[in-house]
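Dear colleague,

I am passing on the structure below, and after it I set out what was found. Please read the notes with the model open beside them.

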Amino acid sequence: MEGAVLGAIDVAQKKARTAALFQTDSIALGAGARPSGAIYTIENTNGGLISFGGGVGLRDEEGTFLGAVGVAGATVEGDEDIAQAVAAALR
């Protein structure tokens, strides 16, 4: 897209990777990844992770984990909303 921030590509990939590796949405790791959290510095593992919104796990109707989607380039809230919409559309 014209004018897009290229750094968002890496962020989106890391959001999806985070959700896939832990089979949970990236935002769910956020509280524990804060400086006082139990998993502080987790973002430095596995080649780099992201612990804020925009990485969403994809599951089928039975709840089987299928993969993940990562969205970046809008606000964190916007990224999360778009990723959740994608996940819902695939159900």
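I begin with Asp79, which is buried, at a relative accessible area of 3% (buried means under 20% relative accessible area, exposed over 50%, and partly exposed in between, with a 1.4 Å probe and protein chains only). Before going further, please note that this is a predicted model, in which local features need pLDDT of at least 70 and side-chain atom pairs count only at pLDDT 80 or more, while totals for chains, interfaces and linings use all residues. Residues are numbered from 1 along each chain as its sequence is written, and side-chain values use heavy atoms, with hydrogens and water left out.

Asp79 forms a salt bridge with Lys15, and the closest N and O atoms are 2.9 Å apart (a salt bridge is a side-chain nitrogen of Lys or Arg within 4 Å of a carboxyl oxygen of Asp or Glu). Because Asp79 belongs to helix α2 and Lys15 to helix α1, the pair ties together parts that are 64 residues apart in sequence; helices (H or I, at least four residues) and strands (E, at least two) are DSSP runs, numbered from the N terminus. Lys15 is itself buried, at 0% relative accessibility, and its side chain also reaches the backbone oxygen of Val71 at 3.0 Å. Leaving aside neighbours within four places in sequence, the residues in contact with Lys15 include Ser26, Ile50, Phe52, Gly70, Val71 and Asp79, where contact means heavy atoms within 4.5 Å.

The structure holds 2 salt bridges, and in one of them the side chains of Lys14 and Asp10 meet at 3.2 Å, N to O. Lys14 and Asp10 are 4 residues apart in helix α1 and are therefore separated by about one helical turn. An α-helix has 3.6 residues a turn, so residues three or four places apart point the same way. Lys14 is partly exposed, with a relative accessible area of 24%, and Asp10 is likewise partly exposed, with a value of 37%.

Turning to helix α2, its 15 residues reach 21 Å from the first C-alpha to the last, close to the 21 Å expected at 1.5 Å a residue, the expected span being 1.5 Å times one less than the number of residues. Gly78, Asp79, Glu80, Ala83 and Ala87 are buried in α2, and what covers the buried residues of this helix includes α1, β1 and β2 (65-70). A nonpolar surface patch of about 250 Å² is made by Ile82, Val86 and Leu90. For such patches, residues need over 30% relative accessible area and no salt bridge, with like charges joined within 9 Å and nonpolar side chains (Val, Leu, Ile, Met, Phe, Trp, Tyr) within 5 Å; the accessible areas come from the Shrake-Rupley method with a 1.4 Å probe, and for residues only the protein chains shown count as cover. Val86, which has its place in α2 (residues 76-90), is partly exposed, with a relative accessible area of 31%.

Two backbone angles also deserve a look. Gln23 has a positive phi of about 50 degrees although it is not a glycine, and it lies in the loop between α1 (7-22) and β1 (55-59), where Gln23 counts as partly exposed at 45% relative accessibility. Thr41 lies in the loop between α1 and β1 and has a phi near 80 degrees, a positive value in a residue other than glycine; at 42% relative accessibility, Thr41 counts as partly exposed.

Note on methods. A polar contact is a pair of N or O atoms within 3.5 Å; within protein, one must be able to donate a hydrogen and the other to accept it, and residues adjacent in sequence count only if both atoms are side-chain atoms.
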